[in-house]
Amino acid sequence: MIEVDGLVKKFGDTLAIDGISFTVYDGEIYGLLGPNGSGKSTTMKILSGILRPTEGKVLVGGIDVAKNPLEVKKIVGYVPETPILYESLTPSELFNFVGSIRGIPKNKLEERVNYFVKAFGIEEYLEQFIGTLSFGTQQKVSLITALLHDPHVLILDEAMNGLDPKTARILRELLLEFKREGRSIVFSTHVLPLAEMICDRIGVIYKGKIIAEGTINELKEKAHEENLEDIFLKLTESKDEIYGIVQALKESL
Ligand SMILES: Nc1ncnc2c1ncn2[C@@H]1O[C@H](COP(=O)(O)OP(=O)(O)OP(=O)(O)O)[C@@H](O)[C@H]1O
């Protein structure tokens, strides 16, 4: 379970997160949706123990992230928006390195590496330098790295980015399985039909604030709109603006 209460994050004069609160229960996929720069990645980095909050309280599995970020990192699997990997290591070397710093027993590590390497189909890249791999393959390596310690909480920042349709489907099924096992998952994406497909509840974040939260059906009712894209555009005040821009483009052509 993740409990976020009155979270604020400032970068100098920039107020990136402006007092947000939400809860992600065990066995739930919570979608964090918002326009570029609205504060999704910042929130996810705080939940993963990577950034310290300026104000507010965040408990992950009952552990306070500000007081004990190292303990939080033990139970969280975090996939950043862009893979951050050691380019001069091979995936095999990276998995062994991550296994050793996380204290995963050798046989367990081998078992998990084999399982995920097969699931994501990267057998042929295991001995190549990460820096030479395609973006999608690096994303798969990043995902495997985040899953090796069998985390109870998953923080996935646009984790489907760059994945081919087959791998995206495998990851989707894996996430649904994790959810059935009772793990808590926070999932950000700009692909709204995907969010509609897998998220149990959604929080719409805009200018550092959660401006709407609920199941898809609850959001549809609140916004009087039929699909998540229209709900999202309405809530983020983009709908009229888009029509104006498209109209101006048509006139200028
Ligand atoms: N390290 C940093 N230093 C200064 N400002 C930052 C830093 N990280 C994020 N910000 C600012 O915080 C705000 C929120 O950024 P964030 O990356 O969380 O947005 P986002 O919703 O993840 O955007 P995107 O959809 O483009 O990935 C932005 O104004 C951004 O410029």
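Predicted model: local features only at pLDDT ≥ 70, side-chain atom pairs only at ≥ 80, totals over all residues.

Colleague: Which residues surround the ligand, and what makes a residue near a molecule?
Modeller: A residue is near a molecule if its C-beta atom, placed from the backbone, lies within 6 Å of it. The residues around the ligand are Phe11, Thr14, Ala16, Gly34, Asn36, Gly37, Ser38, Gly39, Lys40, Ser41, Thr42 and Glu81. Strand E2 (14-24) and helix H1 (40-47) are the elements that give two or more residues to this shell; helices (H or I, at least four residues) and strands (E, at least two) are DSSP runs, numbered from the N terminus. H1 gives the most, with 3 residues.

Colleague: How does the shell around the ligand divide by class?
Modeller: The shell has 2 nonpolar, 8 polar and 2 charged residues. Ala, Val, Leu, Ile, Met, Phe, Trp, Tyr, Cys and Pro count as nonpolar, Asp, Glu, Lys and Arg as charged, and the others, Gly among them, as polar.

Colleague: Why is H1 called largely enclosed by the rest of the structure?
Modeller: A residue is buried if 20 or more other C-beta atoms lie within 10 Å of its own, exposed if 12 or fewer, and partly exposed in between, with C-beta atoms placed from the backbone. In H1, 6 of the 8 residues are buried, so the helix is largely enclosed. The buried ones are Lys40, Thr42, Thr43, Met44, Ile46 and Leu47.

Colleague: Why are H4 and H5 called roughly antiparallel?
Modeller: Axes are lines fitted to C-alpha atoms, for helices over the stretch in contact, and angles run from 0 to 180 degrees between N-to-C directions. The axes of H4 (residues 106-120) and H5 (residues 135-147) come within 10 Å and cross at roughly 150°. That angle makes H4 roughly antiparallel to H5, since angles over 145 degrees count as roughly antiparallel, under 35 as roughly parallel, 65 to 115 as roughly perpendicular and the rest as oblique.

Colleague: Which residues of H4 and H5 meet?
Modeller: Phe116, Val117 and Phe120 of H4 meet Lys140, Leu143, Ile144 and Leu147 of H5, contact requiring C-beta atoms, placed from the backbone, within 7 Å. These residues comprise 6 nonpolar, no polar and 1 charged.

Colleague: What makes H3 roughly parallel to H5?
Modeller: H3 (residues 91-101) packs against H5 at an angle of about 20°, with the axes 10 Å apart. H3 is therefore roughly parallel to H5. Pro91, Leu94, Phe95 and Val98 in H3 meet Val141, Ile144 and Thr145 in H5. That contact divides into 6 nonpolar, 1 polar and no charged residues.

Colleague: How do you know that Glu158 and Lys207 are partly exposed?
Modeller: Glu158 has 19 other C-beta atoms within 10 Å, and is therefore partly exposed. Lys207 has 16 C-beta neighbours inside 10 Å, so Lys207 also counts as partly exposed. Glu158 lies in the loop between strand E7 (153-157) and helix H6 (165-180), and Lys207 in the loop between strand E9 (201-206) and strand E10 (209-214). Glu158 has a positive phi of about 50° although it is not a glycine, and Lys207 likewise has a positive phi of about 50°.

Colleague: Is Lys166 buried or exposed?
Modeller: Lys166, in helix H6, has 10 C-beta neighbours inside 10 Å and therefore counts as exposed.

Definitions and conventions. Residues numbered from 1 in each chain as written. Contact = placed C-beta atoms within 7 Å.
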